[in-house]
Amino acid sequence: MNQKAAQTMGIPEPQAQFAVQQDIDHAAIDGLVAWMIDGARPSANAHDFIDAICRRLVAAGVPIGRFALFVDTLHPNMSGLRFAWTPENGVVQSEGPVDLFAREDYQLNPLPLVMRQQVSVRRRLTDPEALTEFMILGELRDEGFTDYMALPLVFSDGEAHAVTFSTKEPDGFSIEAIAAIDLIQRPLARLAETYLLRLNAATIISTYVGRNSGDQILHGRVHRGDGEEIEAVILFTDLIDFTELSNRRSGPQIVSLLNDAFDIVVPPVEAHGGEVLKFLGDGFFAIFPYNGATTLHDAVRAASATLVEGERRLAETPLGQEVAFRSALHAGRFHYGNIGGANRLDFTAIGQPINYAARMLSAASTLSLKRVASHETAGHLCVAPELAAEIPFKGFDGLQRIYAY
């Protein structure tokens, strides 16, 4: 086997086999492997088990100066996560942008090779020839590292992620140190897979049903009727003149427009303590719960501040010249939980206040009003509203007051 092939498979080159001597505490390594196989208890998250693994490896004589775990994730705004560990800083987490896999700096590193072909890569950073092969190697050499290994972490479904180990030892990793790292490779893959399954489940649920709703589902509220009665300010929005906008654009164009608009106005909802429960075509439906420490007054102010911030941010973009949102605010007590049939459920809000808020948004459209509030919320706004109309609502008795602000 030639030297380059030996390095690619993670086998140290022959001359290093006799030069590197590192005392490894094999009993400590065996104990670490057993702990990892047992689930790395009681580590609560990736930061905990990564820090514990690295520190126990170092204590056992494996000279790790830098560790990095890379996992692909199911997330709408990122491609993956990196957990980097150093003795000085512990674990530092960073996110990979959505377009990471297409970037040149990513393709010029060992990770695509390691994950795609499920092979190990080892490079001695004291070899000038090795430094020209992958971008990160020169960067590590400049930081004082002498040896680098990238290994695949193969999950039970055959999908591969990656982990890297670097050292500043003058002679690099010894045969014994590499053997110790090899022993933890498979149990580390199981721990990473378990963590990623939990993370992806939480992310997917929160992405599609909302953060608080997702927490409810993950904590066991998965049966029809599961839920609770809550009090909240209800916000309904839609785009003004959306029918005309959509008639002048193709399907992909209107989807892009909606995504751009929502990307501007949705973050303020979460920033002010609200939760978007549903996207309703050209608009969305959000709630701002109140109880105890948070009053109705606080929740109305939070919801109206959301609208002000969203409109301001939209107006600062070219998109603001094309689109504007209409909104309706109401408040009340309603059921927040599961509804559905057979194996298809939805975690949402159901009740008279929800219906009333939807009727208000429809009335705002009919009356050509941009922002409306109900009698229950109008008095808590930070600006004085005006009574705009008293009109009937389908399904509700008498005339209903519509306030504009």
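The model is predicted, with local features requiring pLDDT of at least 70 and side-chain atom pairs pLDDT 80 or more, while totals for chains, interfaces and linings use all residues. Residues are numbered from 1 along each chain as its sequence is written, and side-chain values use heavy atoms, with hydrogens and water left out.

**Backbone features**

Most residues other than glycine have a negative phi, and most peptide bonds are trans. Select Arg41 and Pro42 to see the cis peptide bond that joins them, with omega about 0 degrees. Pro42 lies in the loop between helix H3 (26-37) and helix H4 (46-59); helices (H or I, at least four residues) and strands (E, at least two) are DSSP runs numbered from the N terminus.

Next, select Gln118, in the loop between helix H6 (111-117) and strand S4 (121-124). Its phi is positive, near 55 degrees. Gln118 counts as partly exposed because its relative accessibility is 37%; the class falls between buried (under 20% relative accessible area) and exposed (over 50%), with a 1.4 Å probe and protein chains only. Asp241 also has a positive phi, near 60 degrees, and is placed in the loop between strand S7 (227-239) and helix H11 (242-247).

**Helix H8**

Select residues 135-142, where the buried residues of H8 are Ile136, Leu137 and Leu140. They lie on the same side of H8, because they cover an arc of only 105 degrees around the axis, the arc being that of the directions from the helix axis to the C-beta atoms. Their cover includes strand S1 (66-75), S4, helix H7 (128-131), strand S5 (147-154) and strand S6 (160-167). After H8 comes Gly144, with a positive phi near 100 degrees.

**Thr377**

Move to helix H15 (residues 375-378) and select Thr377, which counts as buried because its relative accessibility is 0%. Its side chain reaches the backbone oxygen of Leu329 at 3.3 Å. Leaving aside residues up to four places away in sequence, Thr377 touches Val300, Leu329, His330 and Ala331, where contact means heavy atoms within 4.5 Å.

**Cavity and pockets**

On a 1 Å grid over the protein atoms alone, a cavity is a set of points where a 1.4 Å probe fits but cannot get out, and a pocket is an open set with protein on both sides within 12 Å along at least five of seven lines; lining residues have an atom within 4 Å of a point. Grid points are joined across faces, edges and corners, and a volume is the space filled by probe spheres set on the points.

The structure holds 1 cavity of 30 Å³ or more. The largest cavity contains about 100 Å³ of space. To display its lining, select residues including Thr237, Phe284, Glu311 and Arg326. Helix H13 (296-315) gives the most to this lining, with 4 residues.

The largest pocket holds about 940 Å³. Of its 26 lining residues, select Pro76, Thr207, Val266, Glu270 and Phe279, the closest to its centre. H12 supplies the largest share of the lining, 8 residues.

Finally, turn to the second largest pocket, of about 530 Å³. Among its 27 lining residues, Phe70, Arg82, Leu100, Tyr106 and Leu111 are the closest to its centre. S1 provides the largest share of this lining, 5 residues, and H8 is one of the elements that each supply at least two.

How values were computed: Polar contact = N/O pair within 3.5 Å; in protein donor to acceptor, adjacent residues only side chain to side chain.
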